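Please open the structure in a viewer and keep the selection panel at hand.

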Amino acid sequence: MTNPQWNAVDAYFTETIAPADEALTAALSASAAAGLPEIAVAPNQGKLLQLLAHMQGARNILEIGTLGGYSTIWLARALPADGRLITLEYNPAHADVARANLAHAGLDKLVEVRTGPALDSLPQLEAEGAGPFDLVFIDADKVNNPRYVEWALKLSRPGTVIVVDNVVRGGRITTPDPDDPAITGTRELFDLVAAEPRLDATAIQTVGTKGHDGLLLARVVR
Ligand SMILES: C[S@@+](CC[C@H](N)C(=O)[O-])C[C@H]1O[C@@H](n2cnc3c(N)ncnc32)[C@H](O)[C@@H]1O
């Protein structure tokens with residue numbers, strides 16, 4: 001569900017304090033032209049991710065779910081010149097669009113787009129000794145969110161911030177639905193986080209151009 005007033009408020013926030021520039025706008029245009037679904041984060045949400053990365057002093061970021069690289073651009077812009085962002089994308093066509101968008105944004109030296117199922121890429125990252133990551137943004141197939149948080153923990157250090165997108169799903173999160181793997185996965189995610197002593201977490205609801213949804217935010221405490 002969307003609401004004209006939520007959209008107007010998002011537009012006001014974006015225009016006043018979180019404006020998208022040419023590279024971000026071009027990334028959305030190129031993604032739409034290539035037929036990618038229009039499911040990137042909103043500009044003010046991208047700015048939130050960038051602020052979190054800056055506040056965290058992030059030098060090493062992991063993203064799961066690239067699409068056309070829109071959230072990737074926001075996040076990578078928080079990195080220092082010697083920072084690194086690895087983003088994992090299942091769909092090779094999405095990964096190609098993202099690589100072009102990141103190059104257009106001048107971020108291709110900082111960002112690596114890895115193609116393949118994230119549950120294959122994550123063990124490879126561990127084997128390579130990648131990480132620990134300072135911030136992990138999880139925004140891929142929701143059914144695997146519990147597995148992605150487990151991997152984020154493996155690739156973390158005390159103080160790592162983990163952000164999981166789309167945990168409200170129009171409010172449907174409160175109603176178990178065995179026929180909806182996204183709801184099942186997200187509810188399992190909350191059970192996992194609740195039982196995990198290494199994570200200190202909260203979740204917030206959001207409304208806006210993305211409808212009624214929300215984020216889970218967690219900090220690795222040990
Ligand atoms: C919501 S979109 C990501 C949006 C992006 N974070 C943004 O805001 O600009 C989810 C992406 O995850 C990818 N994806 C789905 N299943 C995946 C998997 N098993 N491994 C890696 N990526 C996956 C999809 O192809 C899609 O491009």
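The model is predicted: local features need pLDDT of at least 70, side-chain atom pairs count only at pLDDT 80 or more, and totals for chains, interfaces and linings use all residues. Residues are numbered from 1 along each chain as its sequence is written, and side-chain values use heavy atoms, with hydrogens and water left out.

**The ligand and its shell**

Select the ligand first. It sits in the largest pocket. A pocket is an open set of points on a 1 Å grid over the protein atoms alone, where a 1.4 Å probe fits, with protein on both sides within 12 Å along at least five of seven lines; sitting in it requires more than half of the molecule's atoms to lie within 2 Å of its grid points.

**Nitrogen atoms of the ligand**

Which polar side-chain atom lies 2.8 Å from a ligand nitrogen? It belongs to S71. For D139, a side-chain N or O atom is 2.9 Å from a nitrogen atom of the ligand, and at A118 a backbone N or O atom lies 2.9 Å from a ligand nitrogen. Taken alone the ligand exposes 600 Å², of which the protein buries 89% (Shrake-Rupley method, 1.4 Å probe).

Now select R99 and D96, whose side chains form a salt bridge at 3.1 Å, N to O. The term denotes a side-chain nitrogen of Lys or Arg within 4 Å of a carboxyl oxygen of Asp or Glu. R99 and D96 are about one helical turn apart because they are three residues apart in helix α5 (residues 92-104). The structure holds 13 salt bridges.

**Two backbone features**

Select G131 and P132: a cis peptide bond joins them, with omega about 5°. P132 lies in the loop between α6 (118-128) and β4 (135-138). Finally, select L67, in the loop between β1 (60-64) and α4. L67 is not a glycine, and its phi is positive, near 55°. Most residues other than glycine have a negative phi, and most peptide bonds are trans.

Note on methods: A polar contact is a pair of N or O atoms within 3.5 Å; within protein, one must be able to donate a hydrogen and the other to accept it, and residues adjacent in sequence count only if both atoms are side-chain atoms. On a 1 Å grid over the protein atoms alone, a cavity is a set of points where a 1.4 Å probe fits but cannot get out, and a pocket is an open set with protein on both sides within 12 Å along at least five of seven lines; lining residues have an atom within 4 Å of a point. Helices (H or I, at least four residues) and strands (E, at least two) are DSSP runs, numbered from the N terminus.
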